[in-house]
Amino acid sequence: MLPWTAFGLALSLRLALARSGAARGPPASAPGGDLMFLLDSSASVSHYEFSRVREFVGQLVAPLPLDTGALRASLVHVGSRPYTEFSFGQHSSGKAAQDAVLASAQRMGDTHTGLALAYVKEQLFAEAAGARPGVPKVLVWVTDGGSSDPVGPPMQELKDLGVTVFIVSTGRGNFLELSAVASAPAEKHLHFVDVDDLHIILQELRGSILDAMRPQQLHATEITSSSFRLAWPPLLTADAGYYVLELVPSAQPVAARRQQLPGDATDWTWAGLNPDTDYDAALVPESNVHLLRPQHLRVHTRPAEVGPRVGVPESGADPAPTQPAAFPAPAEAGPERIIISHARPRSLRVSWAPALGAAAALAYHVQFGPLEGGAAQRVEVPAGRNCTTLQGLAPGTAYLVTVTAAFRSGRESALSAKACTPDGPRQRPRPVPRAPTLGAASREP
């Protein structure tokens, strides 16, 4: 009887494991998609900084499971003109890509990041240029924080295509502007770190990249002011369940919309939306075969299209009379540089130089918080002053300091820098009382 009992227990165990595997659903798919590295290779980056960044990107890509048919990687340099070091599908292993990264040379020239982003969109991420439709797309931009041309519009066009944007700044960039162009949430997709401390974020960033490259991820593309398209990989089949799509305006939960789709559907376009609005989208797979978790995504529609410009006649209209030319108003530019001085374990002094020829700011405010996370604080500085002392800091801590200039028009312009407090003074060892020496007065007769 013992052999039959053992056989029955083993069979029951295998059936139980099979049922539990079916309940959990199919195993997580391997990462796949197109991964783009965009490196600041201009003359604003020192040779030492570029070598450290190059080493960091090489370590980042080496363990990735690159394959010409699944996960592919590419490297583009930012300079006066964009330069492709290697394109998608050129290397079929992480080690080969790492060798190519380490062998790359700095291109020098101006920092035309906006031009490079437009190049990436048209030449590498566009389907007309041979990009694979329906696969996750990720951009990792490593920069010293500055650009000679606008970055926001071309980066938004990439995000509208469904590209997930990670930004690694070596600490001299504008935190507010970089937060706006990175994918949301910024705390997951934007890293401020010193060039000598890039290894600290290596594991976390690689894990975030792989999560973004998982095929089961819900993502949005073709975002306009009144619509966007949701897409996802095939999680179900027509005979294994169905999907429920939910769309909720973040500010109006009562205006939720729902749509049921068959199990073989992989996309849906929401139309009739409000411009410049946050929407929370959810994909809920319903199946009696597999247990799949709902996926959530926040999408921001683009602002409404601007009407005809003032002073520009419409077709067939008489041109408006021109006014005499006037001197242009001064530009509203933030600080050109930030200076950290008088660093103490619990305080430091922040000074800044306003941009030459720029409009006078109504006031400044200085925001600071630990780079490793924690509550941020804010100090208001009146107009006419360009320095302040930050108090109540922690010894031996790296802080991100952002100086923002506020102007009469309501516009703000900011610059960020990294500051470190020194370690606190060491406590002096308490003196050990010395034994009295035998002097003449203490001698026994």
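At what angle do helix α2 and helix α8 pack? In this predicted model, α2 (residues 47–61) and α8 (residues 202–212) pack at about 50°, with axes 10 Å apart. Axes are lines fitted to C-alpha atoms, for helices over the stretch in contact, and angles run from 0 to 180 degrees between N-to-C directions. The angle therefore makes α2 oblique to α8. Under 35 degrees counts as roughly parallel, over 145 as roughly antiparallel, 65 to 115 as roughly perpendicular, and the rest as oblique. The crossing of α2 past α8 is right-handed, that is, the near helix is turned clockwise from the far one by less than a right angle. From α2, the contact (heavy atoms within 4.5 Å) draws on F56, Q59 and L60. From α8, L202, L205, R206 and I209 take part. By class, five residues of this contact are nonpolar, one is polar and one is charged. Nonpolar covers Ala, Val, Leu, Ile, Met, Phe, Trp, Tyr, Cys and Pro; charged covers Asp, Glu, Lys and Arg; the others, Gly among them, are polar.

Helices (H or I, at least four residues) and strands (E, at least two) are DSSP runs, numbered from the N terminus. Residues are numbered from 1 along each chain as its sequence is written. As the model is predicted, local features need pLDDT of at least 70 and side-chain atom pairs count only at pLDDT 80 or more, while totals for chains, interfaces and linings use all residues; side-chain values use heavy atoms, with hydrogens and water left out.

An open sheet holds four strands in the order β10-β9-β12-β13, with antiparallel pairing. Strands pair if DSSP finds at least two bridges between them. β10 (257–262) and β13 (295–300) are the edge strands; each has a single partner, so one side of each lacks a neighbour in the sheet. On average, neighbouring strands are turned by 20° against each other, direction ignored. Strand β9 (residues 242–249) is joined to β10 by six bridges, and the two run antiparallel. Y243 has L261 of β10 as its bridge partner.

A hairpin is formed by β2 and β3, with four residues between them. Three bridges link β2 (residues 71–78) to β3 (residues 83–86), again antiparallel. L75 stands opposite F86 of β3.

The protein averages 79, and 80% of the residues score at least 70. Residues 1–28 stay under 50, with ten contacts beyond four places in sequence. Residues 438–445 are also below 50, with one contact beyond near neighbours in sequence.

Terms used
pLDDT = per-residue confidence, 0-100.
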